[in-house]
Amino acid sequence: MPTPRWERFEAFLWETTSLLVVGETESLVVDPAISADEVAAIGRRADELGAPVRHVLITHGDWDHVCGIGGFPDAVAAMGEETAAKVTSGVAEASVRRAVEALGFVPAGPPRVDQPFARGSAVEAGPFVVETLPLVGHTADSCGFRLRELGLLVVGDYLSTVEFPFGTSPTAYRLTLAGLIELLRADPPETVIPGHGPPLSADEALGIAEADLGYLRSLHTALVDTLSGGGTRDEAHAAGLAVALPREAAPDLQEMRGFNVDKQLQELLPAAATA
Ligand SMILES: [Zn+2]
């Protein structure tokens, strides 16, 4: 029986990754993206290899990760319950529609969910056993996938060489990075697959995780030090904005720097407080 293998596809925006995992007679795709043509090419490749896509796994409900589900109407689309809720409520489809209007690409069709699962439990996808792990911080619904037989750890929007960490909870993000650092040291995969940018060795991923944690730690420290020294909310905000990013990123992500500061401030000061 041939060893299962994998191929990475890159979409037109943000070096977005789609991962095709090829089994003997069927394939699994993680986060198929972005345009209908790009998604169709993944399906064609799987057909060519004699292993049509039967399973779709989704790391989280952001538009660039759910927009390709519709390209695989006959596959089973599996995702964590929290991501499934974003899909069934229509939130995910609305965000895909906004992206289509802003960027002018043709989408594969509306997202859907066939098989929700509780993050943390292993999931069977045809011949593949997938360990799932909650990775909160970028979004509350994010989920990582470990395909142990293939040496793969798929992390969604963490550990990217082309982005800096941003998300809905900087505090949760730090805890997730600390957990990933532990995992990469104690139980390293052969390859880490980030949702944006190239695959990484476990050592490379560890370097990214440590740099990202350093940035979020510095952001937190800058705010706490300013506030505990009697600084105002605005002064804390300015101190947070001055914290250096761990790496270069696309110009359209720069606004997320201020978003991080706002979110970290919310986690330190109640909204009503006028420090
Ligand atoms: Zn993304």
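The following is a conversation about how the parts of one predicted model are arranged.

Colleague: Before the details, what pLDDT do local features need here?
Modeller: Residues are numbered from 1 along each chain as its sequence is written. This is a predicted model, in which side-chain atom pairs count only at pLDDT 80 or more and totals for chains, interfaces and linings use all residues, while local features need pLDDT of at least 70.

Colleague: Into which domains is the chain divided, and how far apart do their C-alpha centres lie?
Modeller: The bounds come from an automatic or database domain assignment, and they give domain 1 (1-157) and domain 2 (160-190 + 202-275). Between the C-alpha centres of domain 1 and domain 2 the distance is 27 Å.

Colleague: How many residues does the contact take from domain 1 and from domain 2, and how do those on the side of domain 1 divide by class?
Modeller: Two residues are in contact if their C-beta atoms, placed from the backbone, lie within 7 Å, and the contact takes 13 residues from domain 1 and 11 residues from domain 2. For the classes, Ala, Val, Leu, Ile, Met, Phe, Trp, Tyr, Cys and Pro count as nonpolar, Asp, Glu, Lys and Arg as charged, and the others, Gly among them, as polar. On the side of domain 1 that touches domain 2, the residues are 6 nonpolar, 4 polar and 3 charged.

Colleague: In what order do the strands of the open sheet that holds β1 stand, and which of them are at the edges?
Modeller: Helices (H or I, at least four residues) and strands (E, at least two) are DSSP runs, numbered from the N terminus, and two strands pair if DSSP finds at least two bridges between them. This open sheet has 6 strands with mixed pairing, in the order β1-β2-β3-β4-β5-β6, and its twist averages 20 degrees from one strand to the next. One side of each edge strand is left without a neighbour in the sheet, because each has a single partner strand, and these edge strands are β1 (5-10) and β6 (115-117).

Colleague: In which sense do β4 and β5 pair, and which residue of β5 is the bridge partner of H55?
Modeller: Strand β4 covers residues 53-58 and strand β5 covers residues 76-80, and they pair in the parallel sense over 4 bridges. Within β5, the bridge partner of H55 is V76.

Colleague: Which helices lie across strands β1 to β6, and at what angles do they run?
Modeller: Axes are lines fitted to C-alpha atoms, for helices over the stretch in contact, and angles run from 0 to 180 degrees between N-to-C directions. Helix α1 (residues 36-48) lies across β1, β2 (17-22), β3 (27-30) and β4, at about 15 degrees to β2. Helix α3 (residues 81-88) lies across β4, β5 and β6, and its angle to β5 is about 115 degrees.

Colleague: Are α5 and α6 roughly parallel or roughly antiparallel to each other?
Modeller: Helix α5 (residues 170-186) and helix α6 (residues 202-228) pack at an angle of about 155 degrees, with their axes 9 Å apart. Angles under 35 degrees count as roughly parallel, over 145 as roughly antiparallel, 65 to 115 as roughly perpendicular and the rest as oblique. The two helices, α5 and α6, are therefore roughly antiparallel.

Colleague: Which residues of α6 and α8 make their contact, and how does it divide by class?
Modeller: α6 and α8 pack at an angle of about 55 degrees, with their axes 10 Å apart. The contact is made by L219, H220 and L223 of α6 and N260, V261, Q264 and L265 of α8. By class, this contact of α6 with α8 has 4 nonpolar, 3 polar and no charged residues.
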